[in-house]
Amino acid sequence: MTFTSIKFLLFLAIFLIVYAATPARFRQYTLLLGSLVFAVFGSWLSALICVLFAVFSFIFGGLISGQRDKNKRRLYLLIGVAGNAVALVCFKAFSYLPLGVSYYTFSCIAYIVDVYRRTIPAENNPAAFAAFVTMFPKLQQGPITRYEEVSQNLMAPRVSWRGIQAGLESFVLGFCLKVLLADKLGGLWGELEMHGFQNLSMPLAWLGIITFSMQLYLEWQSYTFMALGIGKMLGFNLPNNFNYPYLAKTIGEFYRRWHMTLMRWFKDYIYIPLGGSRKGMVRTFLNILIVWFITSVWHGFGWNFLLWGMGLGVLIVLEKLFLGKLMDKLKILPHLYVIFFIVLSWCCFKVTDIHNLGVYFGRLFPMFGGSASRYQVGIGQYSGIWPYLLAGVLFCFPIPENIVRRFGKTWPGAIILSVLFWWAVYTVQKSGSMPLAYAGF
């Protein structure tokens with residue numbers, strides 16, 4: 001059940017009424033029940049697996065907290081972290097991904113490690129912890145949330161009109177962005193695959209990967225708006241997961257802005273424990289490459305993901321060596337550098353077959369000997385995609401969000417948002433909405 005489905009809109013409306021009517025001290029139970037219902041719409045097995053992860057992590061958090069012996073605490077830490085990690089790897093290896101498993105696994109691991117580090121106390125209320133793990137606004141695609149970021153509100157979440165209003169603005173903005181813009185860009189790639197990559201002209205190949213890059217960007221942006229908006233309506237300030245990454249001047253900065261909670265997780269639970277940048281230049285570069293290797297595996301076991309992740313890791317190492325200082329001194333070139341390499345990296349991300357990936361790169365750079373068929377599909381028949389691409393460029397800047405935040409509370413702003421929302425609802429009712437490209441991770 002995606003956020004851009006009629007079924008979810010009905011679920012959300014009913015849930016919000018029940019949730020607001022529930023006394024504050026009991027809302028954690030309503031949240032838990034509603035989140036389980038949301039997960040069950042995916043499948044009963046997905047819901048059960050999510051609960052099992054929560055139970056396992058709750059138990060080992062308690063065991064670590066209650067143990068004074070250092071060796072036993074380390075043993076419980078090892079079992080707790082390894083249990084979560086091995087289960088996730090197995091799901092990835094067998095290509096079965098229960099709803100949200102990649103995201104709540106990382107939250108569970110962070111909880112166990114933080115209890116071990118004594119940065120947070122272990123939770124004694126199993127319902128509160130289960131509500132944290134299964135919380136439906138963040139279940140499907142994050143943000144990867146630490147327990148301390150929501151624990152204070154879990155016991156008695158406060159629902160306020162201000163929170164509902166701000167949350168609705170954010171949700172409606174994300175909903176309309178996904179349905180009315182991102183989905184319009186999603187059909188091009190399927191047509192290119194039907195033509196065959198070898199039959200694409202160079203301009204069309206570039207248009208295809210740029211369009212996919214914009215679609216992916218807008219989908220991630222829209223999902224973040226919706227997830228954080230739902231969280232605000234429920235009385236939670238979930239961590240931001242997106243901060244206009246195409247404004248970055250380096251690849252490293254791009255990913256600190258792109259999937260912010262994932263990069264934060266890798267930094268705090270992989271990079272820093274490995275030594276971070278404290279053990280010399282060579283060790284720093286090795287740690288960066290290890291992090292990006294794990295990031296590659298997290299996305300999938302294909303060679304394309306390895307090429308994607310390790311290529312980005314090498315670029316970030318080069319930025320640490322000299323590129324970063326060079327980019328700081330320039331204005332326009334750093335942004336063009338980021339856009340060029342990020343777009344190419346999404347090609348590795350999208351084309352999973354390594355042979356087809358080579359064919360596509362051959363169409364992007366035919367001057368280097370890329371083979372092409374005699375029949376080539378040109379760019380002319382896809383002129384209708386340009387208005388959506390140009391509109392997407394506008395959302396690479398915070399201008400639309402700032403306008404909504406400033407005028408969404410006024411009557412004219414509310415009317416415009418309402419019209420856009422019901423237009424998007426009509427569009428979903430008529431033709432549905434495309435699945436999120438990131439949903440498979």
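Contact here means heavy atoms within 4.5 Å, and helices are DSSP runs of H or I with at least four residues, numbered from the N terminus. The structure is a predicted model, in which local features need pLDDT of at least 70 and side-chain atom pairs count only at pLDDT 80 or more, while totals for chains, interfaces and linings use all residues. Residues are numbered from 1 along each chain as its sequence is written, and side-chain values use heavy atoms, with hydrogens and water left out.

**First stop: H5 and H13.** Select Phe106, Ile109, Ala110, Val113, Asp114 and Arg117 in H5, and you will find that they meet Leu262, Trp265, Phe266, Asp268 and Tyr269 in H13. Two packed helices are described by the angle between their axes and the distance between the axes. Axes are lines fitted to C-alpha atoms, for helices over the stretch in contact, and angles run from 0 to 180 degrees between N-to-C directions. For H5 and helix H13 (residues 260-271) the angle is about 35°, and the axes are 11 Å apart.

**Second stop: Leu99.** Now select Leu99, which sits in the loop between helix H4 (70-93) and helix H5 (101-117). Although Leu99 and Val40 are 59 residues apart in sequence, their C-alpha atoms are 9.5 Å apart in space. Leaving out residues up to four places away in sequence, Leu99 touches Phe38, Ala39, Ser46, Tyr104, Leu139 and Gln140.

Move on to the loop between helix H11 (202-234) and helix H12 (251-258), where Asn241 lies. Is Asn241 buried or exposed? With a relative accessible area of 2%, Asn241 is buried (under 20% relative accessible area, using a 1.4 Å probe and protein chains only). The side chain of Asn241 makes a polar contact with the side chain of Thr261 at 2.6 Å, a polar contact being a pair of N or O atoms within 3.5 Å, of which, within protein, one must be able to donate a hydrogen and the other to accept it, and residues adjacent in sequence count only if both atoms are side-chain atoms. The side chain of Asn241 also reaches the backbone nitrogen of Met260 at 3.3 Å.

**Last stop: H14 and H15.** Finally, select helix H14 (residues 281-299) and helix H15 (residues 303-328), which pack at an angle of about 155° with their axes 8 Å apart. H14 and H15 are therefore roughly antiparallel to each other, a description used for angles over 145 degrees. Among the residues that make this contact are Phe285 and Trp292 of H14 and Trp308 and Leu312 of H15. Tyr255, leaving aside neighbours within four places in sequence, is in contact with residues including Trp292, Trp308 and Leu312.

How values were computed
Helix = DSSP H or I, 4+ residues; strand = E, 2+ residues; numbered from the N terminus. Buried < 20%, exposed > 50% of the residue type's maximum accessible area, 1.4 Å probe, protein only. Parallel < 35°, antiparallel > 145°, perpendicular 65-115°, else oblique.
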